[in-house]
Amino acid sequence: MPAPTERDVDLKRTYDAVVVGSGAAGGMAAHVLTSHGMKVLLLEAGKKLDIEKELKSMEWPYEHPRRGGLPPDSHALSRNEYTFRKPPYAKGLPNKHVYSYVEGWSGADYSKNIVVDEKDNPYTGTNYAWVRARCLGGKTNIWGRLALRLSDYDFKAASRDGYGEDWPISYTDIAPYYDKVDLYLGIAGHPENLPYLPDSLFQRSTRLNTAEVKLRESLAGMGRVLTPYRAGVTTDGLKHNKYRSRCFGRGACDRHTGGCDIHAAFDSPTGLIYPAMDTGNLTLRTNSTVYEVLVDKNTGKARGVAFVDSQTGKNYEAKAKVVVLGASTLESARLMLLSKSRFHPNGIGNSSGHVGHNFCEHIMGPSVTGLVKELVGKPRTLDDGRPAGFYVPRFRNLADRQSNFIRGYGFEGDSGTHMFPGHASSTPGFGAAYKKKVRDYAGAFISMGAFGEVLPRYENYVDIDANVKDRWGIPVLRFHYHFGDNEKKMAADMADTAREMFVAAGIEIIGVDRDTLPEGWSIHELGTSRMGNDSKTSVLNQFQQSHDVPNLLVVDGSSHVNASCQNPTWTIMALCWRSCDHLADQVQKGEV
Amino acid sequence: MSSDIERRELFKIAAATAYAAKFGVAQEQQRFFTPQEFVVVDELAEIIIPADDHSPGARAAGAAAYIDARLAESREADKKALWRKGVQLVNQVSLQMHGKTFLETAPAQRAAVVERMAQNEEEPKSPEEMFFKELKRATVNAYYTSKIGIHQEMEYKGNVMLNQFVGTELP
């Protein structure tokens, strides 16, 4: 189904709301506000892509001139460059285009127009692997699709272990909105009835293969769980959405850098924005890079935004009764800090001085790879015809109390045959015996890697570097961010427990990686404008509304009070839905 | 003097071409490698992933031509130098071991040359060992993303429309 026709942008009128950013947060804001009849202008910094032509989900490697690889004038930053060089990483490189590390994966040629060119979008400060997507839908075009709920183990973590702040909401506040997201967008999974990882309203689950069932059964004996990947993918279809097909297990999400050209995997354009356009209430303007939230010179309230057309370089203003930021955790912080005025000398919504601070994410790196010997030499099976493999939810600091770290981590894993035998390069030798070994072992490997909670700390923050500007002349972000002691101790435990679980299941250990990946690698940055009840120590109230400026909302990951260890997208969308419902109610009552 | 070099070069090219004809190597696409280098790389790739009774090998899969095309468009000077030098090193190792250049030796002797280069695969130290690592990486990449590699050798069953997921349904 082709994208709906776009309405003409009218910058003379005052919209009910202007939404900045078109990813999970901005798309959801557009959906919810338009569903309440509000007239919304959605601004996206990047292009509108003909996404099906970009993704080519079913293309075989040999049909592509570089087997899915980037053109030779492009360079993807490596783990080493993020470790040993300092940002801006693209500075001084001879390549025509420089991309973040995700473009170093095979199949990256399909996403090169989705992610930003680091040459145009520099940042400074401490090392950080910052992955950004500027196009309609943002990172939802290439996301990993693991869709998890948070629980009161997360929302009330501070009460449990004494560190940091509780969220100003409980699970019961957000649960109905998780349900709405599940039903509107579709999610695949298997119910496990875990208090620390609540079930969603699942569609048909993906299935586990032999190695995964073996590990699941062994973990059950340890009081741990392995569950099919909870994928933000509609496996049964959505009757109310004509832009999305159900999943047909083509496995493309595993091979290419994300991307689903039948949109079974959730992406913001087909899941949220196109249906919102069909209400007649949504106006979309792409190539619109917002650089300031404008305020009324008498009241200090938001009156709209200033933006530059990223193609023509011309500056414009858009007027609105409410400004909703969903530009991503770091871009929204940048925009607020850039929006200085008489009323808001430290940036809009920043009387607390907390904007940009308490920045947190997930730490990655420790992982294990094992061999299930009884699968060696078995006839070939089809194991990658699904969105992804499995998830092992958190098991630390639930009933137990670890002596040297707080909070927890979960594992994402996969096993069985893939199109490309990843073990072929690491299998030693050559010749007929080597070739046979690669063939015989192809379906017998299983691996998993951890995602752990990075504690929110005031000292981890971003601010504006006025001396460095992006391609459009907008001052860039400067990072002041490091993993701390808790994360390092947690990472050591990740590697130990990963090994322990494989050994207990009788899986032969091939390798255990104990090293952490550079800061930013998880692409789960959160917390730069946290919610709270105290306007001195938080930026937003429980409805993601600025304490200082009631007609300013920040609906992306900025608002999260801690990172938990669960992937954030589903929570971003549930919170946003709740906040926008509340906003629409306030607007109706004339309270905003 | 210069004409002498030219004659020798021509002779080598003729030998390589004859060899290529014998092994069915397509020569017309090559852009980075010289004809002699191409034949050496093609033979090395086939030694790493040979034809067997299960499926054709790297030669039939066109691994050398794929590697050649990538190097021809590459902007990485270091990588290009590694390959240029690498092929020379193969001949040097062969001369050292057998007193003949790589293509002049018998198949078993060629395998012995590769064996020597592969001896420290986990932690390569000498230049020829480093070259083997890159040669194998590139060959593996080219072969297992080819039609032959995916469909005949690995019998890959995916990239198809499935009505139901494969695997165990949990109770």
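Biologist: Which residues does A:Ser538 touch, not counting residues up to four places away in sequence?
Modeller: Contact means heavy atoms within 4.5 Å. With residues up to four places away in sequence left out, A:Ser538 touches A:Ser352, A:Arg530, A:Met531, A:Gly532, A:Asn533 and A:His547.

Biologist: At what pLDDT do side-chain atom pairs count in this predicted model?
Modeller: Residues are numbered from 1 along each chain as its sequence is written, while chains are lettered from A and ligands numbered from 1 in the order in which they are written. Side-chain values use heavy atoms, without hydrogens and water; the model is predicted, totals for chains, interfaces and linings use all residues, local features need pLDDT of at least 70, and side-chain atom pairs count only at pLDDT 80 or more.

Biologist: Is A:Ser538 buried or exposed?
Modeller: Helices (H or I, at least four residues) and strands (E, at least two) are DSSP runs numbered from the N terminus. A:Ser538 sits in the loop between strand S17 (508-513) and strand S18 (552-554) of chain A. Buried means under 20% relative accessible area, exposed over 50% and partly exposed in between, with a 1.4 Å probe and protein chains only. A:Ser538 has a relative accessible area of 3%, so it is buried.

Biologist: Which side chain makes a polar contact with the side chain of A:Ser538?
Modeller: A polar contact is a pair of N or O atoms within 3.5 Å; within protein, one must be able to donate a hydrogen and the other to accept it, and residues adjacent in sequence count only if both atoms are side-chain atoms. The backbone oxygen of A:Asp534 lies 2.7 Å from a polar atom of the A:Ser538 side chain. The side-chain partner, at 2.9 Å, is A:His547.

Biologist: Which side chain of chain B has a polar contact with the side chain of A:Arg204?
Modeller: A:Arg204 lies in the loop between H6 and helix H7 (210-221) of chain A, and its relative accessibility is 18%, so it counts as buried. Its contacts include B:Asn163, B:Gln164 and B:Phe165. The backbone oxygen of B:Asn163 is 3.2 Å from a polar atom of the A:Arg204 side chain. The side-chain pair, at 3.1 Å, joins A:Arg204 to B:Gln164.

Biologist: Which residues of chain B does A:Ala424 touch?
Modeller: A:Ala424 is in the loop between strand S13 (409-415) and helix H11 (431-441) of chain A. Its relative accessibility is 0%, so it counts as buried. Beyond four places in sequence, A:Ala424 touches A:Tyr434 and A:Val438, and from chain B it touches B:Lys136, B:Val140 and B:Tyr144.

Biologist: How many helices does chain B have?
Modeller: Chain B has 171 residues, of which 46% count as buried. Its elements run α-α-α-α-α-α-α from the N terminus on. There are zero strands, and the helices number seven.

Biologist: How are H6(A) and H13(A) oriented to each other?
Modeller: Axes are lines fitted to C-alpha atoms, for helices over the stretch in contact, and angles run from 0 to 180 degrees between N-to-C directions. Angles under 35 degrees count as roughly parallel, over 145 as roughly antiparallel, 65 to 115 as roughly perpendicular and the rest as oblique. Helix H6 (residues 171-185) and helix H13 (residues 569-588), both of chain A, pack at about 110 degrees with axes 8 Å apart. The angle therefore makes H6(A) and H13(A) roughly perpendicular.

Biologist: How many residues of helix H9 (residues 268-278) of chain A are buried?
Modeller: The buried residues of H9(A) include A:Leu272, A:Ile273 and A:Tyr274. They pack against helix H1 (24-35), strand S2 (40-43), H6, strand S7 (282-285) and H13 of chain A. H9(A) is largely enclosed by the rest of the structure, because of its eleven residues the number buried is ten.

Biologist: How far apart in sequence are the parts tied together by A:Trp143 and A:Trp570?
Modeller: Rings of Phe, Tyr and Trp (its six-membered ring) pair if their centres lie within 6.5 Å; planes under 30 degrees apart count as stacked, over 60 as edge-to-face and the rest as tilted. There are 36 aromatic pairs over all chains; the rings of A:Tyr101 and A:Trp105, with centres 5.8 Å apart and planes at 75 degrees, are therefore edge-to-face. The rings of A:Trp143 and A:Trp570 have centres 6.2 Å apart and planes at 10 degrees, so they are stacked. A:Trp143 lies in the loop between strand S5 (124-125) and helix H4 (152-155) and A:Trp570 in helix H13, all of chain A, so the separation of the tied parts in sequence is 427 residues.
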